[in-house]
Protein chains: 2
Amino acid sequence: MLRAVERKIEQFILELDDDNTVMLYKKLPVGKRLRAKLILKIAGESLSAIKLSAVVEMIHLASLLHDDVIDDAYVRRNRPSINALYGNKSAIMLGDILYSKGFYELNNIDSKVSKIVSNAVTQLSLGEQADVLLANRFNSSKEHYMKMIYQKTASLIEACAYSGAILANKNPIPYQTYGRNIGIAFQIIDDILDITSSSDTLGKPSMHDFVEGKTTLPYIYLYEKLNNDDKTKLISLHKKELSSDELNWILAGFKEYNIIEKCIKEAQTLVEEALSLMNKEGNISLQKIAKDMIDREF
Amino acid sequence: MLRAVERKIEQFILELDDDNTVMLYKKLPVGKRLRAKLILKIAGESLSAIKLSAVVEMIHLASLLHDDVIDDAYVRRNRPSINALYGNKSAIMLGDILYSKGFYELNNIDSKVSKIVSNAVTQLSLGEQADVLLANRFNSSKEHYMKMIYQKTASLIEACAYSGAILANKNPIPYQTYGRNIGIAFQIIDDILDITSSSDTLGKPSMHDFVEGKTTLPYIYLYEKLNNDDKTKLISLHKKELSSDELNWILAGFKEYNIIEKCIKEAQTLVEEALSLMNKEGNISLQKIAKDMIDREF
């Protein structure tokens, strides 16, 4: 079924009748098509479901193209990003083309679905902005962090599950919660991986997020545990290149207060709630997707 | 009536519930709201017409935000652009927010109009890309130039006129042609003004387009007139800072072959066709908008 989605995306791209767009599209990494899988599992194999999957994946690609410009990221799935290969301008323009074609095709699916997905894209754009703004200073507010990751990551996944249920005439509410929960869990775990996975060169974590100013959930929890002097020290390290000592000091803090475990547990709880909802709906096939979200290498 | 459109845009922005977006929106220049005027003149003063006007103006603003990043433009209507004030990233993100909110609101107007406008945004994005790509080398093809300015500038104006007619239950075809014609004329004249208007500091035209690599209609016509040696010379000047001699040589060519007049005439012919269509429709109020398009200072 994912093949049908790939073919639909290719068809949409060809309809643009623009050689350069076709050429750039081929340079994009294919990705896991998580959002398409989710829609197809919920909505079944209808033409509407395939179209919606294609649209959402195009919108997701557009958001990644703009994200990579905004985050100065030059690698995407171990391949050079479009902004690395062809410059920021090409990435912005290709993103706009994919976004607008996606929005256009939404009109040919279902009006309710069109509203849900386009609202999610607004949330996603606001979330990207919030992510950048929160990084300006040390953010110690869990509430702000949770709202931002909901907007940036979970809103589109939530919209996929919600829209899929609508296309299949299922009660959309449990699916909406399912999508939101796994979306938030996905981002929390992504943020943990920045801390727990070793970078190739040093055998140490990059802690790239913190160096970039992003105080993800573990930093917020660490901050809450520290005494005032150490709070000040942690803030002083925000958005700076870290020495080996400083990096080790933060890692020791995470260890002392069991913070990574606490964050993983929080993500697991969200996923368990999602799984239990799907159990009630009798939709066991969605459990694997949810589990794949959190069963990653820590 | 334009007041009602401004209020509607403000309402849409406030609905985003995001302080930073409100703050940035206030920094945007208001502009002439040409597209809103066009819709209101055609569709009348219905709520749908006001909503559509607000959406189209938001989409237009989004496209300008991204254009200014793509063109490295730091001034917009004599005010610093958002990318000049807050950096490229802010401009990209605000553009994405305005685009997606605009697309979301399209769902609350009319499904046919939603398709027309979202298709125009795809054309606009493809046109922006074509504009950049055509500037890579000396483009001597009038066909490529005309297609590009149709996509970049005329498609959204055409969509405004077309959609306005649909909202008002008028035959949309003459309005569509009207919109397309004045859109193309508008861009041809904008490109002429880059040649005919003196820059403040030197009292000479900037010919900024040509220096940036953009061979607009006058350069294409000049190229057609020149002998082979002079063709080569013109191409050699493409995308370079021009000396005073070089600049004067090009201007002399324009004068010798009456090229500026020829281009103005071409824009006028398009506008006259548009006017005559509106005459037949009995819609005289649209004549002023069309005339304002071309009655600019040369």
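**Chat about a two-domain model**

Me: How far apart are the centres of domain 1 and domain 2 of chain A?
Reply: Taken over C-alpha atoms, the centres of domain 1 and domain 2 of chain A are separated by 23 Å. This is a predicted model, where local features need pLDDT of at least 70, side-chain atom pairs count only at pLDDT 80 or more, and totals for chains, interfaces and linings use all residues. Residues are numbered from 1 along each chain as its sequence is written, and chains are lettered from A and ligands numbered from 1 in the order in which they are written.

Me: Where are the domain bounds in chain A?
Reply: Domain 1 is 1-109 and domain 2 is 111-298; the bounds come from an automatic or database domain assignment.

Me: How many residues does each domain give to the contact?
Reply: Domain 1 of chain A puts in 22 residues and domain 2 of chain A 21 (contact: C-beta atoms, placed from the backbone, within 7 Å).

Me: Which element gives the most on the domain 1 side?
Reply: That's α4(A), with nine residues. The elements giving two or more residues there are α3 (34-43), α4 (47-70) and α6 (88-106) of chain A. Helices are DSSP runs (H or I, at least four residues), strands likewise (E, at least two), numbered from the N terminus.

Me: New topic: how many helices and strands are there in chain A?
Reply: Chain A has 15 helices and two strands.

Me: And what does its C-alpha trace span along the principal axes?
Reply: About 60 × 50 × 30 Å for chain A.

Technical notes: Contact = placed C-beta atoms within 7 Å.
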